[in-house]
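Please consult the sequence and the structure alongside the text.

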Amino acid sequence: MGSKNTSKREVQGNITHPKKWSILQIFSFSSVFLISVLFASNYNTSDTLIRRFSDNVFTYTWSRMSPFSDKSLEKHKSELFKQVSGNVLEIGPGLGTTLKYLSIDNIDKLVQVEPNQAFYPKLRQEALRLGYQVKYITNESPNIPIPPAAESEASQQDGNAKEMSAKISKNMLIYNGTLEDAEGNPTPSLVANGPYDSIISSLVLCSVDNVETTVNSIAFLLKPGGKFYFLEHVTADKPITPFEHLIYYTQRLITPIWGLVSGNCHLNRDSGTIISSSQYFTNVKVSPISTNKSSFFESLAPFIYGTAERV
Ligand SMILES: C[S@@+](CC[C@H](N)C(=O)[O-])C[C@H]1O[C@@H](n2cnc3c(N)ncnc32)[C@H](O)[C@@H]1O
């Protein structure tokens with residue numbers, strides 16, 4: 001028997017004692033846990049090293065995941081987004097997967113607000129393919145394409161630009177930033193291009209810093225009677241069965257770490273309720289997108305889609 005510490009378990013007679021954790025193991029585990037929590041809680045303080053790391057990881061993973069996600073939601077996206085019209089703002093277009101669901105003939109101008117520049121080449125390519133003229137705006141020059149020289153140079157580099165120029169009819173303006181500034185106010189260049197008849201959000205409310213602030217900004221930017229079109233993944237309902245408890249608490253447990261590799265994505269947001277209970281919206285329609293309720297992974301991200309009309 002002796003006092004030798006075996007690697008798996010210590011055996012005394014017939015009694016089996018669980019292995020004792022060494023100080024080193026406890027220290028390593030606690031350090032990894034603490035660093036993860038620190039990183040996760042630090043994510044929102046904009047330009048930190050961890051946020052840049054996280055955005056790079058997300059750019060890579062989303063570029064690969066997006067086609068599958070888009071395919072599985074295409075029926076609901078086309079039903080929802082074909083109604084979009086007028087002066088339009090899309091929040092977080094990413095790679096531009098929503099563009100093909102819009103009817104360009106019904107659009108006067110399309111403004112896109114996207115903080116992640118790594119998505120721009122694909123976003124721009126898709127916009128040109130569909131017949132938009134792409135321009136970049138800033139808060140200093142919200143309406144004038146900048147810099148014009150760089151823009152025309154970039155156009156020449158697009159192999160199909162000439163072919164497209166015949167079709168080009170609508171402006172698509174891209175603003176590099178977030179919907180709100182650091183104080184939570186709508187970004188000036190988006191205000192300058194508004195107010196909007198339609199605002200679109202596809203899988204974005206899960207990633208913004210604060211859903212209530214974003215919903216308020218959307219309301220601020222819409223015309224009275226204008227519409228907010230959204231398709232989002234949300235929290236599981238309040239749990240009743242053991243399986244529902246498992247899903248509900250897994251969403252909450254893994255969100256801090258999940259957010260680090262998925263561009264600040266939260267699995268536990270109640271975006272549908274936040275939109276429905278906003279004083280700025282009426283005629284709110286929220287429908288669940290049916291998923292396989294016995295699938296663990298599908299249940300972790302239940303989808304909703306709908307519209308809300310600005311009061
Ligand atoms: C999961 S991706 C969805 C991309 C696209 N809408 C789609 O359906 O494929 C989330 C996008 O929201 C953008 N985003 C996150 N926070 C944002 C904010 N506050 N304002 C604007 N865009 C934001 C991200 O950069 C990213 O492109």
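Which residue in β10 is the bridge partner of V286? In β10, that partner is G306. The model is a predicted one, in which local features require a pLDDT of at least 70 and side-chain atom pairs count only at pLDDT 80 or more, whereas totals for chains, interfaces and linings use all residues. Residue numbers start from 1 along each chain as its sequence is written.

**Confidence**
- The chain has a mean pLDDT of 85, and 77% of its residues reach 70 or more; pLDDT is the predictor's confidence in each residue, from 0 to 100.
- Residues 1–13 have a pLDDT below 50, and this stretch makes ten contacts in the model beyond near neighbours in sequence, a contact being two residues whose C-beta atoms, placed from the backbone, lie within 7 Å.
- For residues 146–153 the pLDDT is also below 50, with five contacts beyond near neighbours in sequence.
- Where pLDDT is low, the predicted coordinates should not be read in detail.

**Overall architecture**
- The chain contains ten helices and ten strands, which are DSSP runs numbered from the N terminus (helices: H or I, at least four residues; strands: E, at least two).
- Of the contacts in the chain with a separation of 6 or more, 69% are between residues 24 or more positions apart.

**Strand pairing**
- Strands β9 (residues 281–289) and β10 (residues 303–310) run antiparallel and are joined by seven bridges; strands count as paired if DSSP finds at least two bridges between them.
- Strand β8 (residues 222–233) pairs with β10 in the antiparallel sense, over seven bridges.
- Within β10, T307 stands opposite Y229.

**Burial and core**
- Buried residues make up 31% of the 311 residues in the chain; a residue is buried if 20 or more other C-beta atoms lie within 10 Å of its own, exposed if 12 or fewer, and partly exposed in between, with C-beta atoms placed from the backbone.
- The largest nonpolar core has 50 residues, of which V88, L89, V111, I199 and F228 touch the most other members; such a core is a set of buried Ala, Val, Leu, Ile, Met, Phe, Trp, Tyr and Cys residues joined through C-beta atoms within 7 Å.
- Leaving aside residues up to four places away in sequence, V111 touches V88, L89, L173, Y175, L190 and N193.
- Y60 counts as exposed because it has 12 C-beta neighbours inside 10 Å.

**Ligand shell**
- The ligand is surrounded by 21 residues, the closest being G92, G94, N116, T178 and S202; a residue is near a molecule if its C-beta atom, placed from the backbone, lies within 6 Å of it.
- This shell comprises ten nonpolar, ten polar and one charged residue, where Ala, Val, Leu, Ile, Met, Phe, Trp, Tyr, Cys and Pro count as nonpolar, Asp, Glu, Lys and Arg as charged, and the others, Gly among them, as polar.

**Backbone features**
- The peptide bond from G194 to P195 is cis, with omega near -5°, and P195 sits in the loop between α6 (188–192) and β7 (196–202).
- L203, in the loop between β7 and α7 (211–221), is a residue other than glycine with a positive phi, near 60°.
- L203 is buried because it has 22 C-beta neighbours inside 10 Å.
- N283 is not a glycine, yet its phi is positive at about 45°; this residue belongs to β9.
- N283 is exposed because 11 other C-beta atoms lie within 10 Å.
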